[in-house]
Amino acid sequence: MDFKELKIGNKINMLRVKDSAGNKTKPRQYLSQLLDFDIKNKVAKLSMPIEKNVIVPLEIGDIYRIVIYTSNGLFQCTSKIIKRYKESNLYVIDVQLSGKLEKLQRRQYFRLLCDFEVLHRIETSEEYELKQLIDNNRFTDEEEKQTVIDKYNSIKIEWVKDSVVDISGGGIRFKSRVDYEPESIIIIKIPFLYDVDGNIAQVRARVIRSTKDFSGTISQYDIRAEFISLNSKIRERLVRYIFEEQRKRIKH
């Protein structure tokens with residue numbers, strides 16, 4: 001991604017990696033926002049982070065890895081704080097960006113610990129094939145189309161309700177009473193994500209790992225899955241939710 005594509009208002013996650021002397025430090029994470037950008041000198045003006053309603057005066061010279069939330073996904077680069085000051089009653093910092101903006105892979109997305117319920121189920125090969133026919137309108141005539149639609153609508157669907165452990169823009173981890181084989185495709189309803197019709201979005205995910213959980217009295221499995229074919233707008237809403245939840249937790 002070119003630095004020219006940065007937009008004022010982009011949300012930013014800052015992770016401290018080194019102090020001004022170049023020593024590695026205990027990772028600290030802060031939230032900020034892009035206020036302005038000098039593209040010629042690659043200097044970004046950011047809002048000073050706030051924790052529990054208190055401004056955090058970041059140290060000049062410290063090195064941070066910053067993650068920028070854009071409409072095209074999440075991008076990261078290294079930065080150095082070069083100035084901090086007050087401007088129009090707003091505390092800001094100038095950071096020098098170095099290197100190129102690199103797109104985060106799904107495994108690098110920030111994972112938010114959470115506890116809310118989702119509905120999930122297996123996706124059968126028949127269901128997938130019929131859905132593909134319908135979505136791509138692969139029919140010779142209206143009669144064939146209606147036959148396929150009727151067959152798709154007649155598929156018996158059984159949802160299971162369980163609790164999420166953590167979620168990111170790339171995947172989800174949840175406790176399940178149902179064991180899923182690795183590589184199987186599942187459908188998940190995430191309560192705060194909606195499609196264009198205003199319905200709760202049904203997100204497809206590929207199971208990465210399923211581990212028996214012996215910690216409770218009820219037989220459960222720890223399921224890790226990565227999202228596949230996730231609509232860019234829905235992913236953006238998911239990332240925005242994670243960012244806002246993280247911001248709320250830091251404030252409180």
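How many salt bridges does the count come to by the rule that a side-chain nitrogen of Lys or Arg lies within 4 Å of a carboxyl oxygen of Asp or Glu? The count comes to 17 salt bridges. This is a predicted model, in which local features need pLDDT of at least 70 and side-chain atom pairs count only at pLDDT 80 or more, while totals for chains, interfaces and linings use all residues. Residues are numbered from 1 along each chain as its sequence is written, and side-chain values use heavy atoms, with hydrogens and water left out.

One of the salt bridges joins Arg16 and Asp62, with an N to O distance of 3.9 Å. Arg16 is in strand E1 (residues 11-18), and Asp62 is in the loop between strand E5 (54-55) and strand E6 (63-70), so this pair links distant parts of the chain, 46 residues apart. Strands (E, at least two residues) and helices (H or I, at least four) are DSSP runs, numbered from the N terminus. Arg16 is partly exposed at 21% relative accessibility, whereas Asp62 is buried at 4%. Buried means under 20% relative accessible area, exposed over 50%, and partly exposed in between, with a 1.4 Å probe and protein chains only.

Arg177 and Asp162 form another salt bridge, their closest N and O atoms being 3.2 Å apart. Here too the pair links distant parts of the chain, 15 residues apart: Arg177 is in the loop between strand E12 (171-176) and strand E13 (185-194), and Asp162 is in strand E11 (residues 160-167). Arg177 has a relative accessible area of 47% and counts as partly exposed; Asp162, at 6%, is buried.

A network of salt bridges links Arg111, Asp166, Arg173, Lys175, Asp213, Asp222 and Arg224.

Arg121 and Glu127 also meet in a salt bridge (2.7 Å, N to O), and both residues are buried. Glu127 leads on to the helices, being one of the H1 residues in contact with H2.

Helix H1 (residues 125-135) packs against helix H2 (residues 142-153) at an angle of about 145°, with the axes 10 Å apart. Axes are lines fitted to C-alpha atoms, for helices over the stretch in contact, and angles run from 0 to 180 degrees between N-to-C directions. The contact (heavy atoms within 4.5 Å) is made by Glu126, Glu127, Leu130, Lys131, Leu133 and Ile134 of H1, and by Val148, Ile149, Lys151 and Tyr152 of H2.
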